[in-house]
Amino acid sequence: MQNFTSYYIGSKMKYIRLPWTDEVKRLSFYLAMEEYVARHIDESDCFFMWQVEPSVIFGRNQLMESEVNMDFCQKHRIQIYRRKSGGGCVYADKNNVMFSYITIERNVNFTFNRYIMMIINMLRRLGVDAAASGRNDVMVGDRKVSGNAFYLLPHRSVVHGTMLYDTNMLNMVGAITPTDAKLLSKGVQSVRQRVALLKDYITLTLPEFKQFVYETLCDGDIELTPSDVDAIKELEQQYLSPDFIYGNNPRCTMIKKRRIEGVGDLEAHIELKNGIIRSVNLMGDYFLIGEQDSQLLDKLKGLPLEHGAISRVLPDRIDDVIMNLYKEDFIDLLTE
């Protein structure tokens with residue numbers, strides 16, 4: 001195998017290893033592993049890679065029924081999971097690789113930008129003309145090669161994302177977007193035109209690419225113990241809970257939808273009685289960086305659904321709750 005030790009990007013991270021090397025776990029295990037590392041490993045910056053059997057993973061604030069073609073997934077044995085980060089729905093299989101980055105840094109913009117630039121610089125060292133785009137994507141030309149998301153814990157930030165080395169395009173299109181069977185082939189062709197697969201841009205095999213990533217980004221390992229793994233499996237049960245995966249469809253009397261540049265898709269489920277707000281639930285692929293209920297939605301209960309009334313109770317800035325969301329855009333979503 002080619003030696004990549006000459007490559008270097010800034011300060012390197014510790015690589016988190018499991019006590020085994022060849023066993024592939026469910027996607028939920030690796031989500032729990034991220035959280036366990038963030039809560040229990042005393043290291044400033046950690047990183048690990050993982051691969052899974054065909055799986056769909058949708059964001060914390062998304063409705064599964066709106067994002068996942070469950071009939072297609074059942075027919076093709078594609079597993080379905082929810083994660084604790086925001087962002088959109090993605091498909092993963094063993095022909096691509098997932099990245100997990102855990103850091104002590106709490107500034108969301110700094111953390112996200114640092115991670116994205118690490119990935120971009122790593123790809124550029126392979127001769128790939130990678131660049132950042134939008135909120136969370138890494139592009140090669142006008143094609144997407146990586147999508148990323150994050151969430152905050154009390155003392156750590158977790159960033160994770162896809163890296164498309166190769167993938168089953170039929171599964172990617174069919175699993176994420178409910179698609180008429182007759183249109184599926186056209187959907188594959190359309191998505192393939194927007195997606196970059198690294199195998200088309202580099203000469204490395206997938207194992208060689210993973211080795212390159214490791215030697216470029218990491219300096220030394222931390223190996224988890226069997227007791228760590230037992231604790232991760234216990235934590236994993238939260239991610240496997242039907243209540244967590246499927247969620248509860250909120251009661252509502254109206255649904256307001258809007259796509260806001262720099263924020264994402266927002267869908268407000270509003271329950272009204274005699275013109276008074278009883279509850280608001282917010283869904284979408286936005287990035288949550290604060291406490292959505294206590295800082296935002298709970299303040300709306302008991303108010304008339306009117307611009308002035310809502311404006312008076314909300315703080316001037318709400319982009320510290322939902323990334324890049326301005327107060328006026330949020331009020332317009334609710335009231336227009």
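Reader: In which strand is Ser55 found?
Author: This is a predicted model, where local features need pLDDT of at least 70, side-chain atom pairs count only at pLDDT 80 or more, and totals for chains, interfaces and linings use all residues. Residues are numbered from 1 along each chain as its sequence is written, and side-chain values use heavy atoms, leaving out hydrogens and water. Helices (H or I, at least four residues) and strands (E, at least two) are DSSP runs, numbered from the N terminus. Ser55 belongs to the run of residues 55-58, which is strand β3.

Reader: Is Ser55 buried or exposed?
Author: Buried means under 20% relative accessible area, exposed means over 50%, and partly exposed is in between (1.4 Å probe, protein chains only). The relative accessible area of Ser55 is 1%, so Ser55 is buried.

Reader: Which residue has its backbone oxygen 2.8 Å from a polar atom of the Ser55 side chain?
Author: A polar contact is a pair of N or O atoms within 3.5 Å; within protein, one must be able to donate a hydrogen and the other to accept it, and residues adjacent in sequence count only if both atoms are side-chain atoms. For Ser55, the backbone oxygen at 2.8 Å is that of Glu53.

Reader: What is the order of strands in the open sheet of 8 strands?
Author: Two strands pair if DSSP finds at least two bridges between them. The pairing in this sheet is mixed, and the order is β7-β8-β9-β10-β6-β2-β1-β11.

Reader: Which strands are at the edges?
Author: An edge strand pairs on one side only. That applies to residues 130-133 and 218-223, which are β7 and β11.

Reader: Which residue in β11 stands opposite Arg17?
Author: Strand β1 (residues 13-17) runs parallel to β11, and 4 bridges join them. Opposite Arg17 stands Glu223.

Reader: In β14, what is the bridge partner of Ile270?
Author: Strands β13 (residues 264-273) and β14 (residues 276-284) are antiparallel, with 8 bridges. They form a hairpin with 2 residues between them, and Asn274 in the turn has a positive phi of about 55 degrees. The partner of Ile270 is Val280.

Reader: How many Å apart are the end C-alpha atoms of helix α4?
Author: The expected span of a helix is 1.5 Å times one less than its number of residues. Helix α4 (residues 108-124) has 17 residues, so the span should be 24 Å. The model agrees: the end C-alpha atoms are apart by 24 Å.

Reader: Which residue caps the N-terminal end of α4?
Author: A side-chain oxygen lies 3.2 Å from the backbone nitrogen of Asn109. The residue that supplies this oxygen is the cap, Asn107.
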